[in-house]
Amino acid sequence: MSVGENTESPSSNEDTRRWFLNAMISFFGAVTALGVAYPVGMYLWPRERKVKGGGKRSMKIPLNDIHVGGAKFIRFLNKPTVVLRPSETQVSALSAICTHLGCVVKFKEASGELQCPCHGGRFDSSGKVLGGPPPAPLVSFPVRIDGEYIVVEEA
Ligand code: FES
């Protein structure tokens, strides 16, 4: 046998090449399958959204932002929400979406009412229907005064 001569038989080279190709096909097949299975799995069994601290979502508003008898419109849980302060120690947080056909209500400070511009629905500061076509009170959120802040929480 001379120096530099290939000592492996042709069939051994071919087996190695075949094994390598099969391994590559298996590897890329598995990566592709995972690439498809992961998004499908996340769609079918979505992960529970965790909030820092594991609690419910909440929002803090400086107490001084709302004078007694006033209200402030915010976006809470990505929806229009109104926080009212009918008295020094009383606050309420309501969805600002009218329960009739979904218009956003307006606050009328003179009467302390929330009024719907679409069909004249009226609500008090706790969300109760005072008049008009709305079939149900405004959705309310748990809310409290915590020191210098009003804290609105997810229901
Ligand atoms: S949408 Fe509010 S009263 Fe009709």
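Two strands pair if DSSP finds at least two bridges between them. Strands (E, at least two residues) are DSSP runs, numbered from the N terminus. By that rule, 3 strands form an open, antiparallel sheet in the order β1-β11-β10. This is a predicted model: local features need pLDDT of at least 70, side-chain atom pairs count only at pLDDT 80 or more, and totals for chains, interfaces and linings use all residues. Residues are numbered from 1 along each chain as its sequence is written, and side-chain values use heavy atoms, with hydrogens and water left out.

**The sheet**
- β1 (58–62) and β10 (143–146) stand at the edges. Each has a single partner strand, so one side of each is left without a neighbour in the sheet.
- β10 and β11 (residues 149–153) run antiparallel, joined by 4 bridges.
- Ile145 stands opposite Ile150 in β11.

**The disulfide**
- A disulfide is a covalent bond between the sulfur atoms of two cysteines.
- The structure holds 1 disulfide, counted as a pair of cysteine sulfur atoms within 2.5 Å.
- Cys103 is joined to Cys118, with S to S at 1.8 Å.
- The pair links distant parts of the chain, 15 residues apart. Cys103 is in the loop between β4 (90–95) and β5 (106–108). Cys118 is in the loop between β6 (113–115) and β7 (122–123).
- The torsion about the S-S bond of Cys103 and Cys118 is about -100 degrees, so this disulfide is left-handed.

- Buried means under 20% relative accessible area, exposed over 50%, and partly exposed in between (1.4 Å probe, protein chains only).
- Cys103 is buried at 19%, whereas Cys118 is partly exposed at 37%.
- Cys98 is buried at 5%, and Cys116 is buried at 6%.
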